[in-house]
Amino acid sequence: MPTAIPSFEEYVASLGALTSHVDPTLENEEGRLIKAAAEGLAALESITRESLAAWVAEQPRGTGVGVLGLVVGLSQEALRNSLRHGLGSPAFPKAARENPVGLVDYMEAEYSLLSLLESQRGRQYDFGDVLVARAGTRALATRAGQAGRQLEDEIEEIAKSLGLPYQTRCRFEGRTASAPCDLALPAGDSAAQIVVAAKSFGSTGSKLTDAVREIEEMALVRKPTQFVFAVIDGIGWKGRINDLRRIYNLWSSGQINGMYTLASLGQFQDDLAEAAAILRMTKD
């Protein structure tokens, strides 16, 4: 028997929390492993590349790798992205078992692991330090937002250096609909002739799906006379390679005009200048 469809308000009222609150002072298995690892690090007679490589290889299931990530302030996702970028694999157990020396060398080169560990392992911590540590995810989110804004600032500076009129973080009118963009030249809405998306993905990717969807939307609605460019960077994309390929396929199939990283912004500047010249776009 079909049942009556509830109203939207009734549906909203039926929503509930999927997870219950967890007392942060209660210990769990992961916490016990981290504390045991920390005690092991504190007990090391000296902090050297050799002693750390031997220590990390002894920890069960690659636990020591995650703990070294915590020492330098990396979340598990950020550390996995970094290891995939630097060592070719994000797997903690594999790094600890097969390449502990390379792991320590890499983390020392990238994050100054030895000095950070030495400065922290014998320190006394107070209540404020505990609360600051719990706020760590907020700090990571803030840094991710700053990285995204940096990419937007870079493309804005290029438009400015070329003397082109532009508008940032707006929507543009395509053939039959509008789409979001991070930079529109000479302006957004119906005036847009060149539009650019800037999407970074460093350590966390909560908005990654939105980023891919936005660029696909830009390609879908663009007019034949409009130029669409995408600036995509961040090692986090290596962990979402299929999503990155979706954007790349838009470029390789001619649905967008260019795709760039921070390292190829020089080419972006050249292509933007060429598109502006084709469209006879000049600053007012």
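**View 1. Helix α3 and its buried residues.** In helix α3 (residues 49-58), Ser51, Leu52, Ala53, Trp55 and Val56 are buried; here, buried means under 20% relative accessible area, exposed over 50%, and partly exposed in between, with a 1.4 Å probe and protein chains only. The buried residues of α3 pack against α2 (29-43), α4 (63-71), α6 (92-98), α7 (100-111) and α8 (113-121), where a contact means heavy atoms within 4.5 Å. Helices (H or I, at least four residues) and strands (E, at least two) are DSSP runs, numbered from the N terminus. Please keep in mind that this is a predicted model, in which local features need pLDDT of at least 70 and side-chain atom pairs count only at pLDDT 80 or more, while totals for chains, interfaces and linings use all residues. Residues are numbered from 1 along each chain as its sequence is written, and side-chain values use heavy atoms, with hydrogens and water left out.

**View 2. Strand β2 and its two partners.** On one pairing, β2 meets β1 (residues 167-173) in the antiparallel sense over 6 bridges; two strands pair if DSSP finds at least two bridges between them. β1 and β2 make a hairpin, with 4 residues between them. β2 also pairs with β3 (residues 194-200), again in the antiparallel sense, over 3 bridges.

**View 3. Leu183 and its bridge partners.** Zoom in on Leu183 in β2, and you will find Thr168 standing opposite. In β3, Val196 is the bridge partner of Leu183.

View 4. The structure holds 0 disulfides, a disulfide being a pair of cysteine sulfur atoms within 2.5 Å. Cys170 counts as buried because its relative accessibility is 12%. Cys181 is buried too, with a relative accessible area of 5%.

**View 5. Stepping back to the whole protein.** The protein has 13 helices and 5 strands. Of its 284 residues, 37% are buried. Among contacts between residues at least 6 apart in sequence, 63% join residues at least 24 apart. The accessible surface comes to about 16500 Å², and 54% of this belongs to carbon and sulfur atoms; accessible areas come from the Shrake-Rupley method with a 1.4 Å probe, and for residues only the protein chains shown count as cover.
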